[in-house]
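Please keep the sequence and the structure at hand while reading.

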Amino acid sequence: MRQHVIRSQDFTLEDLAQIFRRADKFRHMMDEPDGRRRLRKRLRGRIVNVAFYEPSTRTLSSFVNGAQHLGAQVFHTADAGATSSAVKGETFAHTVRMFAGYRPDVLVVRHKEEGRLAEGARILRRIGSRTHLINAGDGPGQHPTQALLDVYTLQRELGRVDGIKIMMGGDLKHGRTVRSLAYLLTRYRDVVITFAAPEDLQIGADILAHLDEHGVKYQLLGAEFRDALAAQHAVYWTRLQLERVVHEDVAEQKRLRDALAHLQREQFCIGERDLHLMRIDAVLMHPLPINDAVREIALEVENDERCAIFRQAENGMYVRMALLDILVNG
Ligand code: NCD
């Protein structure tokens with residue numbers, strides 16, 4: 001495994017197998033008092049610094065709780081964008097360099113700008129730091145640890161990843177989780193991806209080029225995506241990333257956001273009738289949060305056994321524990 005976790009295309013199939021094996025092992029250990037005691041020794045004496053410059057619930061708390069279950073000392077800043085020296089005009093480059101000087105074993109960062117984490121990794125390499133940097137989301141760029149937990153969830157729910165048909169829907173233009181997941185799925189054999197989104201929110205050309213390069217089959221659909229639901233083993237839905245729809249004119253920005261929200265509400269939500277179209281052994285996933293004002297997955301749908309959203313979120317902690325452990329202990 002590489003020193004830093006920045007992009008999901010850097011994981012090999014062997015890396016993935018190792019992470020998932022370790023996650024399974026930790027899940028079982030957490031169920032036993034003796035296992036929990038042994039887990040707490042794995043990162044004893046280690047320091048994990050978690051700095052988030054964008055809102056988060058699951059990613060932040062699963063990293064913090066996971067690191068604590070492993071016995072690490074955790075320092076975390078949930079709203080670094082508002083409380084760190086970034087407000088005083090400090091560059092991210094300075095912040096990372098300084099963090100590294102305090103010598104945490106792992107630095108987990110979420111940033112609002114794409115590419116900042118890659119810049120951070122370059123700086124750490126240049127100064128010869130031994131700290132591991134983990135990308136917990138860089139704006140509309142990537143979210144590699146989410147992709148890990150998504151693939152781990154596919155594997156657990158479906159028993160395989162090779163050969164699956166998966167539909168990804170919602171805001172594919174601004175959502176980083178679908179991007180990272182699409183990259184990771186190229187590692188598996190015969191996966192077929194359907195991207196379902198309004199034209200203005202379709203998946204980026206960079207992702208499609210990557211899929212072409214790796215011989216992954218895909219199709220792009222609009223509101224007619226329902227015709228393809230019955231064929232899917234997995235349906236991965238996402239929230240409209242309203243905060244990434246920005247316009248210098250405030251009134252225009254509001255108009256754009258309202259129009260997109262209306263479009264998703266009317267045409268791109270998963271409701272009860274869609275459940276009837278889906279295979280009885282399909283899995284429905286969502287990285288969360290679901291926007292309650294749009295309800296891209298209807299409340300009634302959440303109670304269906306195929307809806308794995310909370311199992312998926314829980315898987316996130318075991319996968320992140322595994323990742324921290326492998327980076328530090330090998
Ligand atoms: C996602 C994110 O932050 O990209 N949330 C998460 O980490 N589970 C998805 C989102 O914000 O829509």
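## A bridge between two strands

Val108 has Ile134 in S4 as its bridge partner. In this predicted model, strand S3, which covers residues 106-111, is joined to S4 by five bridges, and the two strands run parallel.

## The open sheet

Four strands make up an open sheet with parallel pairing, and their order is S2-S1-S3-S4. Strand S2 (73-77) and strand S4 (132-138) are found at the edges, where each has a single partner strand, so one side of each is left without a neighbour in the sheet. On average, and with direction ignored, neighbouring strands of this sheet are turned by 10° against each other.

## A helix across the strands

Helix H13 lies across S3 and S4, and runs at about 155° to S4.

## Where two helices meet

Helix H13, residues 309-329, also packs with helix H1, residues 13-30, at an angle of about 115°, and the axes of the two helices are 8 Å apart. Because angles of 65 to 115 degrees count as roughly perpendicular, H1 and H13 are described as roughly perpendicular to each other. The crossing of these two helices, H1 and H13, is right-handed.

On the side of H1, the residues that meet H13 are Gln18, Ile19, Arg22, Ala23, Phe26, Arg27 and Met30, while the residues of H13 that they meet include Glu314, Tyr318, Leu323 and Ile326. Taken by kind, the residues of the contact of H1 with H13 comprise eleven nonpolar, two polar and four charged.

Notes
Residues are numbered from 1 along each chain as its sequence is written. This is a predicted model: local features need pLDDT of at least 70, side-chain atom pairs count only at pLDDT 80 or more; totals for chains, interfaces and linings use all residues. Side-chain values use heavy atoms; hydrogens and water are left out. Axes are lines fitted to C-alpha atoms, for helices over the stretch in contact, and angles run from 0 to 180 degrees between N-to-C directions. Angles under 35 degrees count as roughly parallel, over 145 as roughly antiparallel, 65 to 115 as roughly perpendicular and the rest as oblique. A crossing is left-handed if the near helix is turned anticlockwise from the far one by less than a right angle, and right-handed if clockwise. Contact means heavy atoms within 4.5 Å. Ala, Val, Leu, Ile, Met, Phe, Trp, Tyr, Cys and Pro count as nonpolar, Asp, Glu, Lys and Arg as charged, and the others, Gly among them, as polar. Two strands pair if DSSP finds at least two bridges between them.
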